[in-house]
Amino acid sequence: MEIMEFSCPETVPELSRQAAELVLEIGNYKRTRGIDKILENMVDRTTVVAIDGSEQVIGTAGLRIVRAHIGMLEDVVSEPRRRRSGVGSSVVQAVENIARWQGISELVLASTREGVPFYKHLGYTQLAVRIFQKYL
Ligand SMILES: CC(C)(COP(=O)(O)OP(=O)(O)OC[C@H]1O[C@@H](n2cnc3c(N)ncnc32)[C@H](O)[C@@H]1OP(=O)(O)O)[C@@H](O)C(=O)NCCC(=O)NCCS
């Protein structure tokens, strides 16, 4: 598995399209947002993708800077057949590293129900029902 990052989806159209298709898997995105909205949301943030040996995106996560030193972890998803094999952890840890390099000291996120045990496992603190935070 290889980890890549990009900030400009137009420069990597195939990777960003595959990542956006994975993001459609999250919660009720399919009902509320189409693939174009997801791609639009990738502009002005950093997107991390995990790629398998056949150049397929098997996981993704996004980092948006919301305030000085505070980042939002967005659109975390792994390919359904690859879950519980470390892909989700790898993309989140890659985002955490990028955030540290950018001087971010705190990450916040809104989780799905499925994400709750996952973020606890990764050391995030639950602030409210689906809201998590971690100091880096
Ligand atoms: C949440 C999600 C990203 C986790 O991805 P993953 O690739 O399975 O994550 P990992 O394999 O790195 O899991 C790491 C640990 O998190 C915990 N964990 C992950 N998924 C879990 C689940 N469904 N139930 C309980 N614990 C879970 C486990 O402790 C796991 O370690 P283990 O497999 O050794 O027990 C994935 O289930 C997913 O894409 N879900 C749908 C989209 C979604 O809800 N994303 C969260 C958006 S905020």
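Mentor: Let us begin with strand pairing. In this predicted model, β3 and β4 run antiparallel and are joined by seven bridges. Leucine 63 has leucine 73 in β4 as its bridge partner.

Trainee: How many residues lie between β3 and β4 in their hairpin, and which residue in the turn has a positive phi?

Mentor: Two residues separate β3 and β4 in the hairpin, and histidine 69 in the turn has a positive phi of about 75°.

Trainee: Which way do β2 and β3 run, and how many bridges join them?

Mentor: β2 and β3 are antiparallel, with six bridges between them. Here threonine 46 has leucine 63 in β3 as its bridge partner. This pair also forms a hairpin, with five residues between the strands.

Trainee: Where does glutamate 55 lie, and what is its phi?

Mentor: Glutamate 55 lies in the loop between β2 and β3. Its phi is positive, about 65°, although the residue is not a glycine. Glutamate 55 counts as exposed because 10 other C-beta atoms lie within 10 Å, and the cut-off for exposed is 12 or fewer.

Trainee: In which sense do β4 and β5 pair?

Mentor: β4 and β5 pair in the parallel sense, over three bridges. Methionine 72 stands opposite valine 108 in β5.

Trainee: Which side chains of β5 point to one face, and which to the other?

Mentor: In β5 the side chains alternate. Leu107 and Leu109 point to one face and are buried.

Trainee: Which residues of α4 are buried, and what do they pack against?

Mentor: The buried residues of α4 are Gly88, Val91, Val92, Ala94, Val95, Glu96 and Ala99. They pack against the strands β1, β2, β3, β4 and β5, and against helix α5. After α4 comes glycine 103, whose phi is positive, near 80°.

Trainee: Is glutamate 79 buried or exposed?

Mentor: Glutamate 79 is buried, because 20 other C-beta atoms lie within 10 Å and the cut-off for buried is 20 or more. It is found in the loop between β4 and α4. Setting aside residues up to four places away in sequence, glutamate 79 touches Leu22, Ile58, Gly59 and Val87. Glutamate 79 and glutamate 25 are 54 residues apart in sequence, yet their C-alpha atoms are 8.6 Å apart in space.

Trainee: What is tyrosine 119 in contact with, leaving aside its neighbours within four places in sequence?

Mentor: Its contacts are Ser111, Tyr124 and Phe132. Tyrosine 119 lies in helix α5 and counts as buried because it has 23 C-beta neighbours inside 10 Å. Its C-alpha atom is separated by 7.5 Å from that of phenylalanine 132, which is 13 residues away along the chain.

Trainee: How many residues surround the ligand, and which are the closest?

Mentor: The shell has 19 residues, and the closest are Ser78, Gly88, Ser89, Gly115 and Pro117. β4, α4 and α5 each supply at least two residues of this shell, and α5 gives the most, with four. By class, the shell has six nonpolar, nine polar and four charged residues.

Trainee: Finally, how many helices and strands does the protein have?

Mentor: It has five helices and seven strands, in the order β-α-α-α-β-β-β-α-β-α-β-β along the sequence. Of the 136 residues, 32% count as buried. A compact globule with 136 residues would have a radius of gyration near 14 Å, and the protein agrees because its own value is 14 Å.

Definitions and conventions:
Residues numbered from 1 in each chain as written. Predicted model: local features only at pLDDT ≥ 70, side-chain atom pairs only at ≥ 80, totals over all residues. Near = placed C-beta within 6 Å. Nonpolar A, V, L, I, M, F, W, Y, C, P; charged D, E, K, R; others polar. Contact = placed C-beta atoms within 7 Å. Rg over C-alpha atoms; globule rule 2.2 N^0.38 Å. Pairing = 2+ DSSP bridges.
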